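Work through the exercises below with the sequence and the model side by side. Each task is followed by a solution in steps.

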Amino acid sequence: MINSLSAERVLEIAAPMLAELPGDWRLADGPMLRSGSLGIRVLPSHSDDHRHLDLEILLNADRPEMPTIVDCAVGLAPDPVDAARQAIQSWIETCLVTVLEMVEQRGRLATHFRVGEQGGFAGWHAVVGGVTGWSVDGSTSKQQWFAETMPWSALAPVITPELDRPYLNGIRMLVGQGADFTECEVRINGRRYEPADAALAGLDWPRTESFSLARTFVLLVGPE
């Protein structure tokens with residue numbers, strides 16, 4: 001079995017990948033990547049897969065009691081460094097950009113949806129990150145489905161009772177499927193929520209013979 005990378009090594013890999021994003025990200029004690037009050041750190045993994053990363057965004061690294069945004073991602077490469085880069089890139093494009101957009105408020109890093117708009121989340125202002133994915137045959141059908149269908153709107157009635165914060169609830173959605181294998185996952189503030197998993201599995205995303213997956217992240221900023 002290949003050993004997992006240390007938290008510091010993961011952050012060293014991540015640092016140059018953040019260069020095109022807002023902020024001046026530097027490795028700090030913790031270990032942690034910091035830019036102003038924002039911080040990023042690696043959490044203990046809840047998976048035995050060395051390619052799996054659990055990452056946390058601290059909105060105020062000097063006040064650890066403040067809410068944080070937690071998500072996880074998996075790389076597919078056999079080499080641990082390459083797998084870490086893949087996982088980090090997916091996390092940046094889906095999760096991190098929602099937090100940076102919440103701070104920047106310019107609409108260039110992620111998409112804002114207000115209540116009542118197509119793609120909105122009932123009762124909440126939503127900031128939605130990109131859709132990333134992978135497939136055996138190069139198909140992007142599941143990513144396209146996420147982008148066009150915006151399933152968080154349909155899942156809002158199932159997800160809402162599980163929201164445990166008055167502000168800043170993070171929701172990650174993933175669909176992976178090929179032939180008879182299906183894995184649908186919804187995590188709310190880092191915790192998997194099986195009723196939402198089942199609801200996502202029941203939606204009309206494209207079923208394919210070859211395996212493919214897609215994921216996105218929704219940051220519910222506050223009630224509207």
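**Exercise 1. Salt bridges**

Task: Which residue does arginine 26 meet in a salt bridge, and how exposed are the two partners?

Solution. 
- Step 1. Apply the criterion: a salt bridge is a side-chain nitrogen of Lys or Arg within 4 Å of a carboxyl oxygen of Asp or Glu.
- Step 2. The side chain of arginine 26 meets that of aspartate 24, at 3.0 Å from N to O.
- Step 3. Sort by relative accessible area: buried is under 20%, exposed is over 50%, and partly exposed is in between (1.4 Å probe, protein chains only). Arginine 26, at 55%, is exposed, and aspartate 24, at 46%, is partly exposed.

This is a predicted model, in which local features need pLDDT of at least 70 and side-chain atom pairs count only at pLDDT 80 or more, while totals for chains, interfaces and linings use all residues. Residues are numbered from 1 along each chain as its sequence is written, and side-chain values use heavy atoms, with hydrogens and water left out.

Task: Find the partner of glutamate 56 and say where the two residues lie.

Solution. 
- Step 1. Glutamate 56 forms a salt bridge with arginine 41, at 2.6 Å from N to O.
- Step 2. The pair links distant parts of the chain, 15 residues apart: glutamate 56 is in strand β4 and arginine 41 in strand β3. Helices (H or I, at least four residues) and strands (E, at least two) are DSSP runs, numbered from the N terminus.
- Step 3. Glutamate 56 is buried at 8% relative accessible area, whereas arginine 41 is partly exposed at 28%.

Solution. 
- Step 1. Aspartate 197 is buried, with 7% relative accessible area; arginine 192 is partly exposed, with 36%.
- Step 2. The search of the whole structure gives 17 salt bridges.

**Exercise 2. Cysteines**

Solution. 
- Step 1. A disulfide is a pair of cysteine sulfur atoms within 2.5 Å.
- Step 2. For cysteine 95, the closest cysteine sulfur is that of cysteine 72, 9.8 Å away, so the distance is too far for a bond.
- Step 3. For cysteine 184, the closest is again in cysteine 72, at 15 Å, also too far for a bond.
- Step 4. The structure therefore holds zero disulfides. Cysteine 95 is buried at 0% relative accessible area, and cysteine 184 is buried at 7%.

**Exercise 3. Nonpolar cores and a surface patch**

Task: Describe the largest nonpolar core and the elements that build it.

Solution. 
- Step 1. A nonpolar core is a set of buried Ala, Val, Leu, Ile, Met, Phe, Trp, Tyr and Cys residues joined through side-chain atoms within 4.5 Å.
- Step 2. The largest has 35 residues, and those with the most contacts inside it include Leu18, Ile69, Ile88 and Leu219.
- Step 3. Elements giving two or more residues are α1 (7-17), β3 (38-43), β4 (52-58), β5 (68-74), α2 (80-104) and β12 (212-223). The largest share, twelve residues, comes from α2.
- Step 4. Contact means heavy atoms within 4.5 Å. Beyond its neighbours within four places in sequence, leucine 96 is in contact with Leu18, Leu21, Ile40, Ile57 and Trp91.
- Step 5. A second, separate core has 26 residues, among them Ala126, Met150, Met173 and Ile188.

Task: Which residues form a nonpolar patch on the surface?

Solution. 
- Step 1. Patches are made of residues with over 30% relative accessible area and no salt bridge; like charges are joined within 9 Å, and nonpolar side chains (Val, Leu, Ile, Met, Phe, Trp, Tyr) within 5 Å.
- Step 2. Val74, Leu76, Trp134 and Val136 form the patch, with about 350 Å² of accessible area together (Shrake-Rupley method, 1.4 Å probe; for residues, only the protein chains shown count as cover).
- Step 3. Valine 74 is in strand β5 and is partly exposed at 41% relative accessibility.

**Exercise 4. Backbone**

Task: Where is a cis peptide bond found?

Solution. 
- Step 1. The bond joins glycine 30 and proline 31, with omega about -10°.
- Step 2. Proline 31 lies in the loop between β1 (26-28) and β2 (32-35).
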